[in-house]
Amino acid sequence: VQLQASGGGSVQAGGSLKLSCYARGNPFRVSRNAMFWYRQAPGKQRELVATISSGGSTDLINSVKGRFTISRDNAKNTVYLQMDSLKPEDTAVYYCNTYLINRGTRTDYWGQGTQVTVSS
C-alpha cells in the first residue's frame with residue numbers, strides 16, 4: 001500500500017485547504033479500510049485528527065470539529081480532509097495513514113506528509 005498525500009500550502013487565518021490522500025496498491029481499497037489523518041506540529045507529538053471507518057462513519061478531534069471534514073471517494077480510492085476556518089494552531093505537517101492486520105500483526109502505512117501553514 002502506498003499513500004500519496006497532497007494539497008498542503010500556506011494560507012491566512014480563516015482560509016481553507018483540502019488535503020487528498022490517494023491509495024495505491026491492489027487490492028487495497030479505502031472503502032474497505034479505516035483511514036486516518038494525523039498531524040505533527042513543530043516540537044509536538046503526532047496527533048490523530050480525523051478518522052473515517054470502512055463503514056463511512058467519521059470522527060474528529062474536538063479542536064477541529066465544525067471546521068474540518070473527512071470524506072472519501074471510493075471510485076478514486078482517495079480520502080480527503082477539507083479544512084475550513086483555519087487557525088494558526090492548525091499549522092503542522094499532515095499525514096494520512098491506514099493499517100492492515102495480517103495473522104495478528106499490524107502494519108501501518110503512512111503518506112509522505114504535506115505541510116500546512118496558517119498565518120495570523
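Me: Which word applies to Asn77, buried or exposed?
Reply: This model is predicted: local features need pLDDT of at least 70, side-chain atom pairs count only at pLDDT 80 or more, and totals for chains, interfaces and linings use all residues. Residues are numbered from 1 along each chain as its sequence is written, and side-chain values use heavy atoms, without hydrogens and water. Relative accessible area sets the class (buried under 20%, exposed over 50%, partly exposed in between; 1.4 Å probe, protein chains only). Because its relative accessibility is 5%, Asn77 counts as buried.

Me: What is the phi of Asn77, and in which loop is its place?
Reply: Asn77 is not a glycine, yet its phi is positive, at about 55°. Strands here are DSSP runs (E, at least two residues; helices are H or I, at least four), numbered from the N terminus. Asn77 has its place in the loop between β7 (68-73) and β8 (78-83).

Me: Which class does Arg103 fall into, buried or exposed?
Reply: Arg103 is found in the loop between β9 (92-102) and β10 (105-110). Its phi is also a positive value in a residue other than glycine, near 55°. Because the relative accessibility of Arg103 is 84%, this residue counts as exposed.

Me: Where in the protein chain is Pro27 placed?
Reply: Pro27 is joined to Asn26 by a cis peptide bond, with omega at about 5°. The place of Pro27 is in the loop between β3 (17-24) and β4 (35-40).

Me: How many strands does the protein chain have?
Reply: From the N terminus on, the elements run β-β-β-β-β-β-β-β-β-β-β. Helices number 0 in the protein chain, and the number of strands is 11.

Me: What radius of gyration does the protein chain have?
Reply: The C-alpha trace spans about 45 × 30 × 25 Å along its principal axes. The radius of gyration is taken over C-alpha atoms, and the globule rule is 2.2 Å times the number of residues to the power 0.38. With 120 residues, a compact globule would therefore have a value near 14 Å, and the protein chain agrees with this, having 14 Å.

Me: What percentage of the contacts with a separation of 6 or more joins residues 24 or more positions apart?
Reply: Of the 120 residues of the protein chain, 38% count as buried. A contact requires heavy atoms within 4.5 Å. Among contacts with a separation of 6 or more, residues 24 or more positions apart account for 51%.
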